[in-house]
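Morning, everyone. I have one structure to walk through today. Please take a look at it first.

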Amino acid sequence: MSTTGANADPLAALGSLPGVADSVESVRKAVDRVYGHRIMRRRSAEITSEAALRGARASAALSGADWALEEVRRRTDFGGDAEARVMGAALRLSAEAGQLLSIWRQSPLRVLARLHLVAAATKGDEVGRPRQAGEPVDEPLIEVPLPDAREVSGRLEGLADLIIAGTSAPALVTAAVVHGELLALRPFVSHNGLVARAAERIVLIGSGLDPKAICPPEVGHAELGRASYLAALDGYVSGTPEGMAAWIAHCGRAIELGARESTAVCEALQRGAA
């Protein structure tokens with residue numbers, strides 16, 4: 001996303017793209033429905049915990065570790081094969097995201113570095129910082145052109161400046177841009193998809209749209225399917241108004257599906273309490 005030009009709030013400008021206002025309204029209604037569920041008055045902490053687990057499972061699935069939810073509940077060791085490590089990284093990020101909300105608006109780059117450190121869980125020099133020239137990127141499922149390190153640095157700084165300056169854009173728009181920009185840039189040598197989706201969640205929580213973190217967009221992204229996810233990302237990378245609007249709408253639909261998932265959890269808890 002270009003962050004230059006006369007518009008002082010380019011994120012807000014995206015809100016006027018065709019169809020985006022409808023997506024924003026649809027997301028708000030979906031989130032309001034689950035927050036208004038009667039079970040939320042007494043058991044919101046359980047819904048939050050379940051949403052975190054389901055969101056982590058779904059994010060891992062989009063990064064190649066598509067495990068059944070019950071398998072994720074059962075397992076205690078996530079340090080074995082590559083899929084287990086991806087799942088472990090997703091779970092760690094889900095737990096960490098809520099601890100970084102107060103830092104995000106002041107220092108988003110610091111938060112992103114922390115997210116990568118948590119996901120990688122190693123002490124290599126390449127961990128927790130943007131990749132440097134010549135360093136390879138391990139992100140085989142994202143196939144859009146890879147920007148060079150200099151472009152990554154400039155665009156990360158631009159994104160951070162937008163977050164720190166604040167915006168009147170709806171939370172959906174900001175979250176979608178943060179998510180899309182990180183996927184497009186792949187600023188780290190690994191775990192970029194997991195970090196991008198965790199950052200999207202941080203924006204949604206911190207904006208007040210989903211303060212209890214009960215509408216996991218990762219669930220929706222996984223339900224819509226990897227092919228749809230990558231096709232929407234192509235639209236974001238194109239930079240065209242139509243492509244950007246399609247990516248924002250895709251992210252909006254993912255949040256709606258996450259809200260639907262938590263509504264189902266509420267219904268199940270209510271039946272169990274009856």
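Predicted model: local features only at pLDDT ≥ 70, side-chain atom pairs only at ≥ 80, totals over all residues.

Is H10 enclosed or open? Here "buried" means under 20% relative accessible area. By that cut-off, 14 of the 15 residues of H10 are buried, so the helix is largely enclosed by the rest of the structure. What follows H10? Gly208 does, and its phi is positive, near 90°.

Now step back to the whole chain. How many helices and strands does it have? There are 13 helices and zero strands.

Next, overall size. A compact globule of 274 residues would have a radius of gyration near 19 Å. The chain has 18 Å, which agrees. Along the principal axes, the C-alpha atoms fill a box of roughly 60 × 45 × 35 Å.

What about the inside? Buried residues make up 51% of the 274 residues. Then contacts. Take those between residues at least 6 apart in sequence: 73% of them join residues at least 24 apart.

The accessible surface comes to about 12,200 Å². Carbon and sulfur atoms account for 52% of that surface. As for charges, the chain has 30 positive and 33 negative ones. Their mean positions are 7 Å apart.

That's the tour. Thanks.

Key
Residues numbered from 1 in each chain as written. Heavy atoms only, no water. Helix = DSSP H or I, 4+ residues; strand = E, 2+ residues; numbered from the N terminus. Rg over C-alpha atoms; globule rule 2.2 N^0.38 Å. Buried < 20%, exposed > 50% of the residue type's maximum accessible area, 1.4 Å probe, protein only. Contact = heavy atoms within 4.5 Å. Areas by Shrake-Rupley, 256 points an atom, 1.4 Å probe, with all protein chains shown as cover. Lys, Arg positive; Asp, Glu negative; His and termini not counted. Charge placed at Lys NZ, Arg CZ, Asp CG, Glu CD.
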